[in-house]
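I set down here what I looked up in the structure shown below. The entries follow the order of my reading.

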Amino acid sequence: MKKVSIHFYTCMLFILTTPACLKQSSFANNIYKSIDSVVSIKNLKKLHYTGEFELIQKKMSIEAVVVANDESNNLYKTISVQDSTAGILILLDGVSLYQTYPIGSVLRIQLKDLILTDYRRMIQIAAAIDTSSGSMQVTGIPSPLFEKHILVIKDEPVIRPIPVSYKNLHDSLQGRLIKISNVEFASADTNLTYADKKNKIGASRALRFCTGGTVYLRTSGYADFAGIKLPSGNGDLVGVYSVYNSEKQVFIRDTSDILLKNKRCTGAAWLKN
Amino acid sequence: MLFKGNKKLKLFCLLFVSIVLIQANAQEQREEEDWIPSMLQSKTSIYLQLLQYNGYGIGWKYRGSERASQLSINGMEWNNEKLGIDIAAAFQGLNSIYRTTGISTGYESNDNGLSSSVISHFANLNASHFSKNISLSSRYQPLNGLVQNNLFWSSGKTHKSWFIVAKIQNEQNYMTNPALGLRTNQGVALSINKLLTKNQQISFSFWFNNRFQTKQTTSTKEAILLSGNSIYHPGWGWMHGQLLFPNSKSSQLPFGFLQYDKMIDAKTHLQLNWAIAMGRQSNDGLEWTSVRDPRPDYYKYMPSYYQDSALKNQLIQLYQQNPSLLQINFDEMEKINSSNREKRSYYIINRQIAEIKIFQQSFKYQFDLSERIQFAFHSNSIFKKVEKHSQVASLLGGNYFLNYNSWVSDDGASSFQFDLKHPDKQIKKGQDWGAHYSISNFDQQFGLFVFLQSPKIESNLGLGYGIAYFQRQGFNQNGLFPDQSFGLSPRYFFPSQKLQWSLVYKSSPRLYLKFNTFFHQDAPSWNIAFKNVSLIDELSEYLLPIIKKGVNIGIHFIGINFKSELELYLFQEQNQYDRQNFYHDYYNAFVQANYGLLNKAQYGVEWGLETSFNSIFNIQYGFSYGKNKILNNPIYSIQLLNGNYPLESGNLHLKNLPALSSPDMIMALGMNAQLSSSCRLSLTSVFAWNRFLELDYFRRSFLWDKSTSDVQALQNGVLSNFSVNKNFFFKTKKSNHRLRFYLQVNNIFNTIIPLFAYEQSRYDYKTFDQLKFAPKYLYGLPRNGSIQLIYQFN
């Protein structure tokens with residue numbers, strides 16, 4: 001009997017001292033990350049017909065840097081990326097995207113199974129389109145699929161905006177970080193805020209070039225700075241170029257993108273505005 | 001914490017752990033007793049015997065009562081809810097050193113005291129109950145790798161009339177399946193008894209458990225199916241390739257008991273008892289603020305959230321190929337916490353700590369007026385203070401956590417500050433944050449009993465009266481309620497009273513008729529007496545005494561080779577109130593939803609039969625049919641959580657809905673074979689019908705308005721357990737030795753049914769999509785078992 005006890009307790013000792021050997025790898029396959037051919041955003045956009053949507057069936061990817069995200073809540077479930085050729089919006093069905101994709105992160109975005117579409121001519125990449133209700137319902141990339149489609153390659157801390165004059169604002173700049181100079185808000189608007197923060201309603205405020213022409217600053221009613229009063233001076237503005245049908249728009253990441261501290265402009269071109 | 005504000009989940013965790021502990025305790029009880037009961041000797045009802053340990057897998061709750069069981073030791077009440085602590089974790093294994101002196105069911109009165117729950121266990125801690133022996137026990141449970149080792153020693157009566165009992169226990173599991181988590185416990189017990197004279201004795205007992213246990217969480221059927229694993233739950237994850245369990249609980253709460261017992265004369269008995277408990281219990285959970293929801297089964301991450309079939313398929317494929325995506329991703333949290341400029345932690349593991357002090361005293365004086373009439377007076381005083389605060393247990397890669405209330409929006413005002421005296425405080429690891437408060441509670445209970453006996457009739461009458469007070473002390477002035485959060489509150493007094501009467505009519509030595517009835521008016525529990533005890537000194541708006549009343553009628557017949565009992569019961573509870581915090585999709589805000597004046601009833605029939613065919617085979621049969629219904633449409637109000645601003649109020653349409661998820665109909669069959677004096681086989685099967693989801697009252701009432709009031713039934717199920725017990729006896733010159741082998745196989749037919757299922761409070765109040773916030777489940781264990789070896793000698 002003594003033997004039985006000894007054997008039993010030896011077994012128990014063995015059991016107690018056996019180390020846990022569970023590894024995460026036994027619960028996970030590597031998420032597929034093939035090396036696809038990299039296309040430029042400009043070439044990618046060529047695949048799109050305005051008002052339509054195209055399912056990307058080929059293995060291809062873009063490499064682009066994040067120029068705007070949802071950090072100040074001016075964008076919602078969206079980031080804007082650009083490469084050296086063009087920019088585009090990526091719809092992502094997640095919140096606090098800025099924590100995963102801060103401005104300056106260089107991403108490789110695998111496009112297979114994603115959809116190229118546009119909202120009022122602003123081209124974007126989404127995960128699904130539902131037309132059953134008669135209108136186009138666009139779905140961003142679900143957050144469990146972020147890792148499958150998006151890889152953060154490196155950081156690029158300095159992104160230089162492209163200086164652009166009014167006459168050079170055209171669709172090829174969609175989604176790109178631009179810098180416009182010598183602009184100011186219409187004097188009637190300088191008493192207004194960026195948007196209606198209280199009622200969470202977005203607004204477009206006219207930004208006039210002293211040299212002639214108007215572009216609209218689009219701000220979400222949910223933006224952290226929506227309730228701040230517009231500056232009344234003249235100067236430079238950095239933002240992402242966008243369109244709403246034929247309207248030329250720009251949106252900022254936060255109020256540090258606006259440097260309107262100079263005196264307001266005068267002159268013939270201005271009077272034409 | 002993970003699954004913020006989910007009271008049902010917390011309750012479930014407590015319930016689940018309690019059940020597991022009841023099972024473990026039952027096993028130990030069997031070790032201590034000579035577990036070969038002779039025929040027809042069961043102490044409690046046959047039905048209860050069959051279901052108490054076999055019923056948990058089918059979600060059985062005795063007579064549909066949510067808070068079914070309580071323990072009274074040396075006349076002192078140890079009640080989870082009343083004390084606001086986890087008694088099961090602190091007491092596990094203690095039953096080896098006490099003796100159960102009575103189990104009352106259905107609020108029966110007996111000479112141990114007044115029952116305060118449907119099942120009351122009365123126990124006495126006294127080393128003189130044990131004869132001399134030493135016992136070594138080891139138990140191994142392969143499914144979760146659990147190993148339990150116990151050493152028990154009892155001195156028996158020494159020549160100077162001392163009795164000493166000691167026990168050491170160690171329990172730990174090695175990881176077999178992360179879903180089953182980790183559990184460790186080291187316990188020590190000592191009980192010393194001294195016979196001072198022939199008629200008086202004094203005894204001292206000490207008990208300490210150092211316990212740690214990870215917690216399971218519930219999930220939706222969709223996530224469980226995606227995981228391909230019925231015991232899947234999302235409450236664990238990976239960090240740097242290593243397992244991490246954010247949800248756990250621990251207990252370090254030592255107890256001391258002192259008893260003085262004197263037979264003053266042949267007719268008078270006096271007993272004085274004192275108890276002290278001082279220590280801490282804590283619960284760990286995940287907290288997050290202003291970031292992506294870390295719960296892997298969050299509804300927006302599931303395939304069902306998406307309409308597009310291609311996208312759905314992509315997600316299904318992704319989860320099936322990568323089950324780790326259904327677990328918490330701590331690496332991602334660490335990345336977010338450490339990649340921002342100041343390394344502010346948005347995710348942390350929070351430790352909610354309860355510093356506990358309990359002092360109890362009981363007094364029992366029993367006087368036999370004659371052989372037929374006895375009186376007893378009983379008093380139980382409880383003073384307790386529970387101080388609650390939270391600590392940052394892990395910053396998950398960040399440098400600090402901001403001391404903000406994440407339920408309250410950061411709108412520029414200071415309402416989100418937890419501590420106005422130290423606003424925007426950066427909390428480091430191990431430092432306190434959040435609400436900090438204490439509750440002091442004094443509860444004085446008196447009871448008077450009269451026992452009458454005659455050849456035909458036994459009767460007892462119990463009268464109880466009590467007075468309790470609560471007092472809150474806030475240690476922080478928070479921004480949400482700056483005028484009502486800091487400092488000492490007034491004392492809030494609540495009376496309670498009890499009346500119990502039981503009668504047994506012995507029609508013949510074989511036929512008994514039993515009747516008992518009760519009326520209780522209970523004081524509220526401190527944790528729901530306050531509107532939001534952690535933040536504000538304000539009592540709940542629907543606070544009325546909870547009234548419990550009922551009647552129980554039974555017929556017991558003992559035949560030559562069978563025994564049968566039939567019981568009918570009817571219980572009613574009035575003025576129930578509670579609250580839930582959840583995100584309300586219509587108001588786009590976190591709300592506190594309160595209800596009150598809810599009345600419910602439990603009624604039904606129980607039948608038990610025990611019979612023996614010969615000296616080997618014995619069969620037990622149990623059957624119950626009962627209903628557990630809400631009787632009225634209680635009042636309710638919904639207000640914003642970050643203030644007292646009312647959003648809506650009225651009546652909830654709940655009448656006739658099931659009040660609790662317990663099967664309406666149960667059949668249990670136990671078959672025992674006593675193959676020899678040392679070998680016994682046992683097979684028990686439990687069948688359950690008509691079991692419903694645990695309802696969310698607010699969602700359910702809203703659905704009534706929409707004329708969609710069908711309550712989802714859970715699947716019927718059969719669970720069967722098997723055990724073998726074999727003893728080997730041998731003698732040496734000086735002692736008797738016994739080696740016992742015990743094998744238990746649970747769920748032998750591998751039935752997969754939910755242990756627990758409930759509706760979420762969150763509901764799609766905008767588009768009324770019933771599938772959106774789907775019910776949550778926790779399934780029972782598949783086939784599993786344990787082996788145990790006990791070596792005992794004296």
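I began with confidence: pLDDT is the predictor's confidence in each residue, from 0 to 100. This is a predicted model, in which I take local features only at pLDDT of at least 70 and side-chain atom pairs only at pLDDT 80 or more, while totals for chains, interfaces and linings use all residues. Residues are numbered from 1 along each chain as its sequence is written, and chains are lettered from A and ligands numbered from 1 in the order in which they are written.

Entry 1, confidence in chain A. I found a mean pLDDT of 86 for chain A, with 85% of its residues at 70 or more. I then looked up two stretches where pLDDT stays under 50. Over residues 10–20 of chain A, the model has 9 contacts beyond four places in sequence; a contact requires C-beta atoms, placed from the backbone, within 7 Å of each other. Residues 28–32 of chain A also stay under 50, with 9 such contacts.

Of the 273 residues in chain A, 36% are buried, where buried means 20 or more other C-beta atoms within 10 Å of the residue's own, exposed 12 or fewer, and partly exposed in between, with C-beta atoms placed from the backbone. Of the contacts in chain A with a separation of 6 or more, 67% join residues 24 or more positions apart.

Strand β3(B) runs antiparallel to β4 (residues 119–125) of chain B, joined by 7 bridges. B:Thr105 has B:Ile119 in β4(B) as its bridge partner.

Which residues of α6(B) are buried? I listed B:Leu311, B:Gln314, B:Leu315, B:Leu318 and B:Tyr319. The buried residues of α6(B) fall within an arc of 125° seen down its axis, so they line one face of the helix; the arc is that of the directions from the helix axis to the C-beta atoms. The face turned away from the buried side of α6(B) carries the exposed residues B:Ser309, B:Asn313 and B:Gln317. Among the elements covering the buried residues of α6(B) are β9 (128–130) and α4 (146–149) of chain A, and α5 (221–227) of chain B.

Definitions and conventions
Two strands pair if DSSP finds at least two bridges between them. Helices (H or I, at least four residues) and strands (E, at least two) are DSSP runs, numbered from the N terminus.
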